[in-house]
Amino acid sequence: PSRNSVTIIGLGPMGQAMARTYLSHGHEVTLWNRTAGKADELVEQGAVRAVTIKEALNANELVILSLTDYDAMYAILENAADILAGKVFVNLSSDTPENARKAAKWLAGHGAMHLTGGVQVPPSGIGKPESFTFYSGPIEVFEAHKEVLEVLTSTDYRGEDPGLAALYYQIGMDMFWTGMLSYLHAVAVGQANGITAEQLKPHAISTMSSLPEFIEFYTPRIDAGEYPGDVDRLAMGAASVEHIVHTTHDAGVDASLPEAVLQIFKRGMANGREGDSFTSLIETFRKSAA
Ligand code: NDP
C-alpha cells in the first residue's frame with residue numbers, strides 16, 4: 001500500500017462521502033461494510049471491495065472507522081483481534097469521551113493505535129477545507145497522518161487524551177440540539193399564529209446571530225466566577241421566560257421546552273440568585289451534577 005492508501009470501514013452517508021472524496025483525490029481506497037451492497041457504487045468508481053474484515057485491515061496501515069458508535073467497532077474488530085497490531089485506527093464515529101478512552105486502551109492492548117475524531121460537518125461538508133474535525137490521541141500518530149486526514153476536512157488537534165475530541169464534539173452537539181430545538185419551538189409558535197418559517201427566517205437568523213456577542217461579553221465573567229446583576233438580573237430573565245410559556249400556551253403549542261427553562265430559572269432564584277445575572281445558572285447546573 002502507498003502512503004496515500006486508506007481503508008474505510010463503515011459506509012453510512014458519512015463513510016460514503018469520505019470514500020468518494022479520497023477517490024476523487026486519487027487515493028487508493030479499500031472498503032468494508034457490514035451491508036456489502038453499500039460499496040457497489042464506490043467500487044464502480046475505483047474503490048477496492050474487501051470481502052472480509054481481515055482483507056480490509058491487511059490492505060492498509062491506516063484504517064478509518066465511520067460507524068454508528070463504538071459498540072459497532074467492537075462488533076467488527078473483535079473478529080480480527082489477532083491482526084490489529086501495528087494498525088492506526090482513526091475513529092470518526094461519534095460517542096462519549098469515556099468510550100473513546102476505553103477504545104484507545106482496548107486497541108493499545110492489541111498493539112494498535114487510535115486517534116479519536118469528531119467530525120463537525122454533515123456528509124456534504126466532507127472534502128471541503130472550510131470544514132473541520134476535532135482530533136485527539138498520540139501527537140506523533142496525528143502528525144504522521146495529518147496530511148491524509150486533511151483530504152477530508154481541516155483538522156483541529158485537541159490533545160493527547162483520547163477523550164478530548166469526543167468531548168469537544170459532544171459539547172458542540174449539546175449547543176446544537178438545544179439551540180435548534182429552541183428554533184423549532186419558536187417556529188411552532190409562529191405557525192400557530194399564521195406565520196411561516198420563511199417569514200420568520202430573517203428574525204431567527206438575526207436572533208441566533210446575536211448570540212456570539214453575548215458569549216464574548218459573558219465569557220471572562222464566567223471564568224472569573226462573577227455573575228453581577230449590572231446588565232441583566234435572573235428575576236428579569238425568569239419573568240421573560242414566564243411570558244414565553246404563556247405565549248406558547250395561548251398559541252396551543254407544547255410548552256415543555258420553555259417550561260423546563262423556567263424551572264431552571266426558578267431553581268436559581270431559590271438559590272438566592274434573583275439579583276445576579278442569569279449566567280449564575282451555571283452554578284445551578286453544577287449543583288445538579290453534584
Ligand atoms: P450511519 O449510522 O448511517 O452509518 C453507520 C455505519 O455503521 C454503517 O456502515 C453501518 O453498517 C455500520 N454499523 C452500525 N452498527 C454496526 C454493527 N453492529 N456492526 C457492523 N457495522 C455496523 O452513520 P453516518 O454515516 O451518518 O455517520 C457515521 C458516524 O459519523 C456516526 O457516528 C455519526 O454520529 C457521525 N457523524 C455523522 C454526521 C452526519 O451528518 N451524518 C455528522 C457528524 C458526525 P450497515 O450499513 O451494515 O448498517
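Predicted model: local features only at pLDDT ≥ 70, side-chain atom pairs only at ≥ 80, totals over all residues.
Residues are numbered from 1 along each chain as its sequence is written. Local features need pLDDT of at least 70, side-chain atom pairs count only at pLDDT 80 or more, totals for chains, interfaces and linings use all residues, and side-chain values use heavy atoms, leaving out hydrogens and water.

**Whole chain.** Start with everything shown: twelve helices and eight strands (DSSP runs numbered from the N terminus, helices being H or I of at least four residues and strands E of at least two). The C-alpha atoms fill a box of roughly 65 × 45 × 30 Å along the principal axes.

**The sheet.** Next, select the strands. All eight form an open, mixed sheet in the order S3-S2-S1-S4-S5-S6-S7-S8 (strands pair if DSSP finds at least two bridges between them). S3 (48–49) and S8 (154–159) are at the edges with a single partner strand each, so one side of each has no neighbour in the sheet.

Now pick residues 113–119 and 132–136: these are S6 and S7, antiparallel over four bridges. Gly 117 has Tyr 135 of S7 as its bridge partner.

**The surface patch.** Finally, move to helix H7 (residues 163–192), which holds Tyr 168. Together with Leu 167, Ile 171 and Met 175, Tyr 168 forms a nonpolar surface patch with about 360 Å² of accessible area (Shrake-Rupley method, 1.4 Å probe, only the protein chains shown counting as cover for residues). Patch residues have over 30% relative accessible area and no salt bridge, with like charges joined within 9 Å and nonpolar side chains (Val, Leu, Ile, Met, Phe, Trp, Tyr) within 5 Å; a salt bridge is a side-chain nitrogen of Lys or Arg within 4 Å of a carboxyl oxygen of Asp or Glu.
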